[in-house]
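Please read it beside the model.

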Amino acid sequence: MRLMPWLHCLRGVVGRELLRFLHQRSRFLAALVRPLVWLFVFAAGFRMALGVAMTEPYQTYILYEVYIVPGLVGMIQLFNGMQSSLSMVYDREMGSMRVLLVSPFPRWYLLVCKLLASTLVSVVQVYVFLAIAGWYGIQAPLAGYLWILPALLVSGCMVGALGLLLSTFVRQLENFAGIMNFVIFPMFFLSSALYPLWRLREGSHLVYQIAALNPFTHAVEMIRFALYERVNGEAILISVTVTLVLLGLAILGYNPSRGLMARKGGAGD
Amino acid sequence: MSDVSAHDGGEPALEVRELSFAYAGTPVLDAVSLAIAAGEFAVLLGPNGAGKTTLFSLITRLHDRRRGEIRIGGFDVRRQAVQAHARIGVVFQQPTLDLDLNVAQNLAYHGALHGMGPGEARRRGEAQLTRVGLAELRRRRVRRLSGGQRRRVEIARGLLHEPRLLLLDEPTVGLDVASRRDLVEHAHRLCAEEGVAVLWATHLIDEVRPGDRVLVLHRGRLLADSTAEALTARLGVATLGEAFDRLVGEDAPCV
């Protein structure tokens with residue numbers, strides 16, 4: 001089979017996603033303001049209360065703002081992944097999902113293209129956020145900014161695949177509020193994004209156990225280590241595995257004969 | 001109707017055999033069989049809820065938990081999905097253009113989804129836009145187009161990959177009389193000049209023109225399949241409207 005048409009398909013889907021993102025300036029602004037508020041307000045306020053003792057991968061004692069940055073990077077991707085899940089529901093209601101799915105390319109490939117497209121959008125957001133954080137004074141080694149790129153692709157695909165999977169369950173747009181409450185908040189708060197796991201364990205053993213099982217914790221740790229030019233093999237392994245499993249389930253969910261699409265039937269008529 | 005009929009080895013552009021589909025236990029389509037030759041214009045006439053959109057969803061394989069067989073140009077939509085899909089162009093009932101992108105960007109996206117490079121998509125896009133009379137608007141955002149113009153862009157998009165079968169699902173919804181007439185005429189020209197087979201779903205009887213083949217779908221069953229003239233003659237009535245009322249009963253009149 002010739003390769004070029006496949007690449008054109010990927011380029012088309014990614015290009016459309018980026019163009020749409022550029023046109024939605026308010027979405028871009030919201031995606032940036034959210035983590036920046038956490039960084040400037042929440043973290044700055046907690047700096048006094050919460051010094052973070054030496055913990056991997058950091059070489060010294062660090063300020064709380066420094067600790068929280070990788071978690072906020074994960075938060076950007078988490079919100080973006082869920083937002084793209086929202087846009088899948090929206091797309092399906094508006095019918096443009098149909099345009100994607102009547103392409104002659106196999107459905108799994110179309111969904112992978114869609115996933116990569118939303119991940120790249122989140123990577124753009126992350127780098128803009130890191131640039132602002134750097135200007136504010138929270139800097140990682142220069143090479144770290146390159147190291148995190150593959151980590152961001154994995155974590156972006158992980159939350160994106162989760163979003164895809166959710167979009168097969170969610171039928172209406174209004175359900176995004178439900179996703180916020182039942183997916184984004186628990187995943188974010190019950191993870192190592194805001195506090196190191198050892199500190200969570202001091203507070204509550206149950207919370208610690210949930211956070212240790214939360215795949216988002218491992219995505220954040222993967223990013224955290226990469227930012228300081230370190231490899232956290234366990235986090236990478238878990239993140240990649242979870243991504244593949246979620247993606248497989250999402251593809252199954254969009255299978256026309258077996259998945260949930262079939263059960264829902266067509267809109268209209 | 002044109003005499004072009006030898007595409008894809010003389011296979012019908014669309015062949016549906018004994019197609020049945022149930023949604024949540026309720027039958028939506030019941031043993032529907034039909035065939036449309038290359039270059040043929042067929043109107044799928046049925047009241048709302050007759051199963052028209054479901055039929056289209058099954059042909060385009062948006063879902064396919066069903067019984068029966070569907071072939072596009074001889075290719076089975078399940079087993080030879082790639083070849084079958086490449087031969088279908090669709091204009092969906094709901095608008096599906098990206099409103100914030102311009103006309104050319106929308107077409108380029110569709111071209112990419114069919115594996116075309118940017119240059120090829122642009123060339124074909126320009127040709128199709130010229131055909132629907134929108135060449136000078138290719139840089140305009142879709143949001144700023146009228147309803148009729150948007151529909152024409154969707155038709156241009158549906159034809160970008162040169163399908164042998166064009167499905168239109170109530171394409172005139174929300175359009176004024178002049179735009180509707182233009183669209184019907186345009187679709188007929190496509191059949192005559194390009195040999196594209198067109199299946200035009202509607203609940204509007206006045207969109208049927210003399211000589212058109214009419215397929216009457218009601219409650220998931222195909223009640224008639226002949227030209228409008230043959231249908232009225234068979235039922236001994238004066239107009240297609242009366243023929244339709246006779247077929248589906250008074251409970252679901254078309255307008």
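**Helix packing in chain B**

The crossing of H3(B) and H5(B) is right-handed. A crossing counts as left-handed if the near helix is turned anticlockwise from the far one by less than a right angle, and as right-handed if clockwise. Helices here (H or I, at least four residues) and strands (E, at least two) are DSSP runs, numbered from the N terminus.

This is a predicted model, in which local features need pLDDT of at least 70, side-chain atom pairs count only at pLDDT 80 or more, and totals for chains, interfaces and linings use all residues. Residues are numbered from 1 along each chain as its sequence is written, while chains are lettered from A and ligands numbered from 1 in the order in which they are written.

H3 spans residues 103-113 of chain B and H5 spans residues 147-158 of chain B. Their axes come within 10 Å and cross at roughly 30°. Axes are lines fitted to C-alpha atoms, for helices over the stretch in contact, and angles run from 0 to 180 degrees between N-to-C directions. H3(B) and H5(B) are therefore roughly parallel to each other. Angles under 35 degrees count as roughly parallel, over 145 as roughly antiparallel, 65 to 115 as roughly perpendicular and the rest as oblique.

From H3(B), the contact uses Val103(B), Asn106(B), Leu107(B) and His110(B). From H5(B) come Val153(B), Ala156(B) and Arg157(B). Two residues are in contact if their C-beta atoms, placed from the backbone, lie within 7 Å. Four of the residues in this contact are nonpolar, two polar and one charged. Ala, Val, Leu, Ile, Met, Phe, Trp, Tyr, Cys and Pro count as nonpolar, Asp, Glu, Lys and Arg as charged, and the others, Gly among them, as polar.

H3(B) also meets helix H4 (residues 118-131) of chain B. Their axes come within 9 Å and cross at roughly 125°. That makes H3(B) oblique to H4(B). This crossing of H3(B) and H4(B) is right-handed. On H3(B), the contact residues include Val103(B), Leu107(B) and Gly111(B). On H4(B), they include Pro118(B), Ala121(B) and Leu129(B). By class, the contact of H3(B) with H4(B) has eight nonpolar, two polar and three charged residues.

**The six-stranded sheet**

Chain B has an open, mixed sheet of six strands in the order E6-E7-E8-E3-E9-E10. Strand E6 (88-91) and strand E10 (221-227) of chain B each have a single partner strand, so one side of each is left without a neighbour in the sheet. The twist averages 15° from one strand to the next.

H5(B) lies across E6 and strand E7 (165-169) of chain B, running at about 170° to E6(B). Helix H6 (residues 177-194) of chain B also packs on the sheet. H6(B) touches strand E3 (41-45), E7 and strand E8 (197-202) of chain B, and its direction makes about 160° with that of E8(B).

**The four-stranded sheet**

A further open sheet in chain B has four strands in the order E2-E1-E4-E5, with antiparallel pairing. Strand E2 (26-36) and E5 of chain B stand at its edges. Helix H1 (residues 52-59) of chain B packs on this sheet, touching E1, E2 and E4 of chain B. The direction of H1(B) makes about 65° with that of E2(B).

E4(B) and E5(B) form a hairpin with two residues between them. In the turn, Gly73(B) has a positive phi of about 55°.

| Strand | Partner | Bridges |
|---|---|---|
| E9(B), residues 213-218 | E10(B) | six bridges |
| E1(B), residues 14-23 | E4(B), residues 67-72 | five bridges |
| E4(B) | E5(B), residues 75-76 | two bridges |

His218(B) stands opposite Arg221(B) in E10(B). Ser20(B) stands opposite Arg67(B) in E4(B). Arg71(B) stands opposite Asp76(B) in E5(B).

The contact between the chains takes 27 residues from chain A and 36 residues from chain B. The largest share of the chain A side, nine residues, comes from H1(A). That side has 12 nonpolar, 10 polar and five charged residues.

Chain A averages a pLDDT of 86, and 88% of the residues score at least 70. pLDDT is the predictor's confidence in each residue, from 0 to 100. Among the elements of chain A, H12(A) has the lowest mean pLDDT (48) and helix H10 (residues 215-227) of chain A the highest (96). Over residues 262-269 of chain A the pLDDT is below 50.

Notes
Pairing = 2+ DSSP bridges.
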